Amino acid sequence: MLVLMTIETMLGQLGCESVTSAATSAQAIELTKSQAFDVAMLDLNLNGRTSYAVASALDALGVPFVFSTGCSSDGMRDDHRHRPVLRKPYGSNQMVSVLEGLLASPVA
């Protein structure tokens with residue numbers, strides 16, 4: 001929870017107008033049905049479960065996203081291997097660079 005609050009603070013300081021978070025994949029998927037997102041950052045592990053279902057929902061909506069994880073990407077599912085990955089621990093400069101890249105690029 002502390003890491004999430006730190007990320008939300010960093011995004012707010014960068015000028016993000018709206019930051020939404022979810023603790024579980026089910027919550028995140030529900031948010032994709034009711035909110036529009038310019039970009040998303042997914043922790044690969046949401047409360048003990050992978051966020052692949054959320055990634056697929058975002059992909060279907062054309063929302064660019066990055067995975068965040070403390071693990072290697074060796075076990076990353078093939079359908080998401082092309083996605084950027086922020087390795088924990090990462091700094092605000094790394095996060096900004098990846099998010100700016102996602103916003104500047106067409107959705108893959």
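## Rings and a threonine in a predicted model

In this predicted model, F65 and F67 are both buried.

Visitor: How many aromatic pairs does the count come to?

Guide: Rings pair if their centres lie within 6.5 Å. By this rule the count comes to a total of two.

Visitor: Are the planes of Y52 and F67 stacked or edge-to-face?

Guide: The ring centres of Y52 and F67 lie 6.0 Å apart, and their planes stand at 75 degrees to each other. Because planes over 60 degrees apart count as edge-to-face, the name for the pair of Y52 and F67 is edge-to-face.

Visitor: Which parts of the chain does this pair of Y52 and F67 link, and how many residues apart are they?

Guide: The pair links distant parts of the chain, with Y52 in helix α3, which covers residues 52–61, and F67 in strand β4, which covers residues 65–69.

Visitor: Which residues do the ring pairs link into a cluster?

Guide: Besides the pair of Y52 and F67, the rings of F65 and F67 have centres 5.5 Å apart and planes at 85 degrees, so this pair too is edge-to-face. The cluster linked by ring pairs therefore consists of Y52, F65 and F67.

Visitor: Is T69 buried or exposed?

Guide: T69 lies in strand β4, and its relative accessibility is 4%. Since buried means under 20%, T69 counts as buried.

Visitor: Which residues is T69 in contact with, leaving aside its neighbours within four places in sequence?

Guide: With those neighbours left aside, the contacts of T69 are L44, V85, L86, R87 and K88.

How values were computed
Residues numbered from 1 in each chain as written. Predicted model: local features only at pLDDT ≥ 70, side-chain atom pairs only at ≥ 80, totals over all residues. Heavy atoms only, no water. Phe/Tyr/Trp six-rings, centres within 6.5 Å; stacked < 30°, edge-to-face > 60°. Helix = DSSP H or I, 4+ residues; strand = E, 2+ residues; numbered from the N terminus. Buried < 20%, exposed > 50% of the residue type's maximum accessible area, 1.4 Å probe, protein only. Contact = heavy atoms within 4.5 Å.
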